[in-house]
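Biologist: I am new to this structure and would like to go through it slowly. Could we look at it together, one question at a time?

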Amino acid sequence: MSDDIKHLLQSVDWPQPHADLSARIMAAIDQDDDSSMPSWLVANPVTRYALAAGMAACLIAGLLVGPMLQTGSGAQASQSFQWPGAGIALTYYMAS
Amino acid sequence: MREPKKHTTEDDQMCMAAIATGNTRAFKAVMDAYMNDVFRYSYSLLGDAARAEDTAQETFTRLWTHGRSWSPKGRLKSWLLKIAHNLSIDEIRRNRGHVTIDDVGPVLVDGAASPRANLTRAESAAIVKKALFTLPERQRAALMLVHYNDRTNIEAAEIMDVSVDALESLLARGRRTLRGALAGERTNLLDE
């Protein structure tokens with residue numbers, strides 16, 4: 001019985017997709033890639049984690065080196081600005 | 001369009017590993033291998049070539065963006081058919097009441113057979129197609145997955161997100177309904 005049904009379904013004149021459908025899809029994925037990071041960067045776990053580690057290192061370096069470069073009244077103003085900023089960030093982190 | 005070369009499981013695994021690194025040639029190879037299957041399955045649910053093309057495009061775009069979530073344990077064709085199935089069902093729900101079958105008229109088939117035989121074959125194909133589209137979409141999906149795309153009952157149940165028992169029930173009802181619809185059109189079709 002299943003052979004009958006298979007034969008019937010295969011006898012149907014199924015339509016074909018347009019010949020340019022594959023080309024349209026290729027163009028669509030190329031466009032997506034152009035508008036963001038290269039796919040090899042996002043798709044490859046090694047490069048993805050390396051990118052995340054690099055960003056984290058830059059952030060930590062900025063936090064450590066930034067205050068050392070500041071002197072005088074500018075440093076005080078900067079520190080008085082940093083503490084509330086850190087508080088807001090910590091609150092946001094705890095809440096999320 | 002010529003039928004593409006069949007991909008083996010090893011071909012699929014190699015291509016998917018390459019796609020994960022952004023290899024567009026591997027992506028094109030997978031698309032060439034499975035485009036017809038994905039398109040025809042979507043068409044069999046939607047009954048509209050333009051919407052089936054949109055579904056196929058979205059299916060392969062998801063393969064490109066989410067290909068890393070494919071498990072090498074499963075068959076790639078089943079994974080693609082599952083995406084196409086879900087997209088087609090969503091499309092049907094959005095356009096409930098607008099399912100039509102386009103291009104069901106008889107089409108002459110090239111070949112060595114006589115014009116009379118060709119006409120009969122084309123007429124028969126059109127009758128089968130029309131009868132198929134009288135089935136509820138779940139029965140149609142079950143028949144297409146198992147009898148046209150050669151999925152096992154377990155794979156088809158997984159694609160449709162139903163139990164194997166439910167799939168077997170859909171298959172039995174689908175076969176019965178299709179035979180009933182064809183019996184009303186032409187009694188000798190099933191005996192050809």
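Predicted model: local features only at pLDDT ≥ 70, side-chain atom pairs only at ≥ 80, totals over all residues.

Biologist: What share of the residues in chain B is buried?
Modeller: A residue is taken as buried when 20 or more other C-beta atoms lie within 10 Å of its own. Of the 192 residues in chain B, the share that is buried comes to 40%.

Biologist: What share of the contacts in chain B with a separation of 6 or more comes from residues 24 or more positions apart?
Modeller: One pair separated along the sequence is B:Thr134 and B:Leu178, which are 44 residues apart in sequence and 8.1 Å apart in space, C-alpha to C-alpha. For the contacts of chain B with a separation of 6 or more, residues 24 or more positions apart account for 64%.

Biologist: Is B:Thr134 itself buried, exposed or partly exposed?
Modeller: B:Thr134 is found in the loop between α5 and α6 of chain B. A residue with 20 or more neighbours would be buried and one with 12 or fewer exposed; because B:Thr134 has 15 C-beta neighbours inside 10 Å, this residue counts as partly exposed.

Biologist: How are α6(B) and α7(B) oriented to each other?
Modeller: The axes of α6(B), residues 137-148, and α7(B), residues 153-160, come within 9 Å and cross at roughly 140 degrees. Angles from 65 to 115 degrees count as roughly perpendicular and those over 145 as roughly antiparallel, so the two helices are oblique.

Biologist: How many nonpolar residues does the contact of α6(B) with α7(B) have?
Modeller: The crossing of these two helices is right-handed. On the side of α6(B) the contact is made by B:Ala141, B:Ala142, B:Leu145 and B:Val146, and on the side of α7(B) by B:Asn153, B:Ala156, B:Ile159 and B:Met160. By class, this contact has no charged residues and 1 polar residue, while the number of nonpolar residues is 7.

Biologist: Which helix gives the most to the side of chain B that touches chain A?
Modeller: The contact takes 34 residues from chain B and 29 residues from chain A. Several helices of chain B each supply at least two residues of that side, among them α3, α5, α6 and α8. With 8 residues, the helix that gives the most is α2(B).

Biologist: Which helix of chain A has the lowest mean pLDDT among its elements?
Modeller: The mean pLDDT of chain A is 72, and 49% of its residues reach 70 or more. Among the elements of chain A, helix α1, residues 2-11, has the highest mean pLDDT, 85, and the lowest, 56, belongs to helix α3, residues 39-43, of chain A.

Notes:
Residues numbered from 1 in each chain as written. Chains lettered and ligands numbered in written order. Axes fitted to C-alpha atoms, helices over the stretch in contact; angles between N-to-C directions. Helix = DSSP H or I, 4+ residues; strand = E, 2+ residues; numbered from the N terminus. Parallel < 35°, antiparallel > 145°, perpendicular 65-115°, else oblique. Left-handed = near helix turned anticlockwise from the far one by under 90°. Contact = placed C-beta atoms within 7 Å. Nonpolar A, V, L, I, M, F, W, Y, C, P; charged D, E, K, R; others polar. pLDDT = per-residue confidence, 0-100.
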